[in-house]
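User: Hi, can you walk me through this one? I'd like to start with the charged pairs and then look at some helix packing.

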Amino acid sequence: MQWQCYKRVFRDTWIRSLKADTNLLISDTQIPGLHLRYYTGTRNITFYLGYMVKNTKTRRNLFLGRYGEFRLDEIRKRAILYKQKVSDGKDPVTDILVERKKAEEERAKRVKIADLLDQYFEKYSKVYKKESTQRSDEGMIKRIKPHLGNLFITELDLPTLINFYQTMAEKSSFSTANHYLALLSNFWNWCETYKYLPLNSNPCNKVQKGKNKKITVKPLTLDEYKRLIQAIDAGFTDAPYNKRMFRALKVLMLTGCRTTEITRLKKSGVDLENGFIYLTDSKNNEEKHPLGQPAIEELRKALAEAPENSELVFPATRGNPGALLDLRKAHEWALERAGLPKMRKHDFRHSFISIGTDTLGMPIQAVSKAIGHADIATTAIYSHISDKTRLETANRIALAITTGN
């Protein structure tokens, strides 16, 4: 870049009429160090103060402002003020940077936690977490906001976190509260990265976690399975809930799948001809899950009953076609109807395994492969199990559940 350099007394008259075919660097003869830069491409005129930091060899060029935004007399006053600071041994550039940092920190203090949670979800959860975890984060964030959302980020401290943790534990369980705490810890680290909070200030690990009381639920026997199947079938006509809930619940029992693997099952992932479903949202990325004949029959009915405008086999009975079905009410109704004690839906998975190994005497390797087990220590053992064996295993267990034999 070509520059033409010279000195002259700064006057408004000639500065306003300044035109040139080359870039200009003009120094003021009245205030040493004050100079303007004229850029021929844009015709912008900017003012700078050049100075040496006292007792150092550091040279600075401090930006003073643009002509038009500031009058010449204002530029002169700023230049004189900064020159006085330099004379006192100060470095105006350093002072400005310090003040700017303080201002940024003050602005950060005035940011609401609700707004930052939204940013965290967009910039972190959506980028680095898998789809199912994103949905979990989104749900937890919605439930966190009423408790913490209106606080400024700097008001989020250890006592506040402890109170929130205890509130969530009382409302649900320690296990659920621990999930919220883990999310907030990750959120805190993200806030540190973006300078909303000081580095290494995360207090989440100081919150004393609790443990749920361990409730031992015995796996269902074939007789109990028979009663539960009868209760679910009765639910299609007798329960005050949509029959889609009971259909999904029955498929859950007959496959040994995790609940979300069924409620998020896509129509495109169902291959009834070959007897498999493909679980793209599986916890352990086990995509291919074998089906027994009873499960195939239930899924065939489910596909016929599913609304055409949804990609899911079991979409929610209300809301948009992509919403997930909630099985809790149907699950509780069926247990009560069957006269069975309270148990988690995940206990059906344990019972499925128990029927295969304990009741039918099947090899644990075959059963584990049939349900999509992902234990790293046994991966090598399971790897030789064929699709045929997996289908036979799943079919025998599902038939035993439905027939009692």
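This is a predicted model: local features need pLDDT of at least 70, side-chain atom pairs count only at pLDDT 80 or more; totals for chains, interfaces and linings use all residues.

User: Good. Is Lys301 buried or exposed, or partly exposed?

Analyst: Lys301 is partly exposed, at a relative accessible area of 42%. Lys301 forms a salt bridge with Glu298, with the closest N and O atoms 4.0 Å apart. By salt bridge I mean a side-chain nitrogen of Lys or Arg within 4 Å of a carboxyl oxygen of Asp or Glu.

User: And where do Lys301 and Glu298 sit relative to each other?

Analyst: They are three residues apart in helix H11, so about one helical turn separates them. Helices here are DSSP runs (H or I, at least four residues; strands are E, at least two), numbered from the N terminus. Glu298 is buried, with a relative accessible area of 5%.

User: Which residues do salt bridges with shared partners join into one network?

Analyst: Asp233, Lys243, Arg247, Lys250, Glu298, Lys301 and Glu305. Within that group, Glu305 pairs with Lys243, the closest N and O atoms being 3.7 Å apart. That pair links distant parts of the chain, 62 residues apart: Glu305 is in helix H11 (residues 293–305) and Lys243 in helix H9 (residues 243–255). Glu305 is partly exposed at 28% relative accessibility, and Lys243 is partly exposed at 39%.

User: How many salt bridges are there in the whole structure?

Analyst: The search finds 20. Another one is Glu131 with Arg135, where the closest N and O atoms are 3.0 Å apart. Both lie in helix H5, four residues apart, about one turn of the helix. Arg135 is partly exposed, with a relative accessible area of 29%.

User: Since you mention H5, how does it cross H7?

Analyst: The axes of H5 (residues 131–148) and H7 (residues 174–193) come within 11 Å and cross at roughly 85°. That makes H5 roughly perpendicular to H7. The axes are lines fitted to C-alpha atoms, for helices over the stretch in contact, with angles from 0 to 180 degrees between N-to-C directions. Under 35 degrees counts as roughly parallel, over 145 as roughly antiparallel, 65 to 115 as roughly perpendicular, and the rest as oblique.

User: Which residues make the contact?

Analyst: From H5 it's Asp137, Met140, Ile141, Arg143, Ile144 and Leu148, and from H7 it's His179, Tyr180, Leu183 and Leu184. Contact means heavy atoms within 4.5 Å.

User: Switching topic: what does Thr255 touch?

Analyst: Leaving out residues up to four places away in sequence, Thr255 touches Ile262, His289, Leu291, Ala295, Phe352 and Ile371. Thr255 lies in helix H9 and counts as buried at 2% relative accessibility.

User: And Thr263, where is that one?

Analyst: Thr263 is in helix H10 (residues 259–263), and at 5% relative accessibility Thr263 counts as buried. With residues up to four places away in sequence not counted, Thr263 touches Leu312, Phe314, Leu324, Leu325 and Leu327.

Conventions:
Residues are numbered from 1 along each chain as its sequence is written. Side-chain values use heavy atoms; hydrogens and water are left out. Buried means under 20% relative accessible area, exposed over 50%, partly exposed in between (1.4 Å probe, protein chains only).
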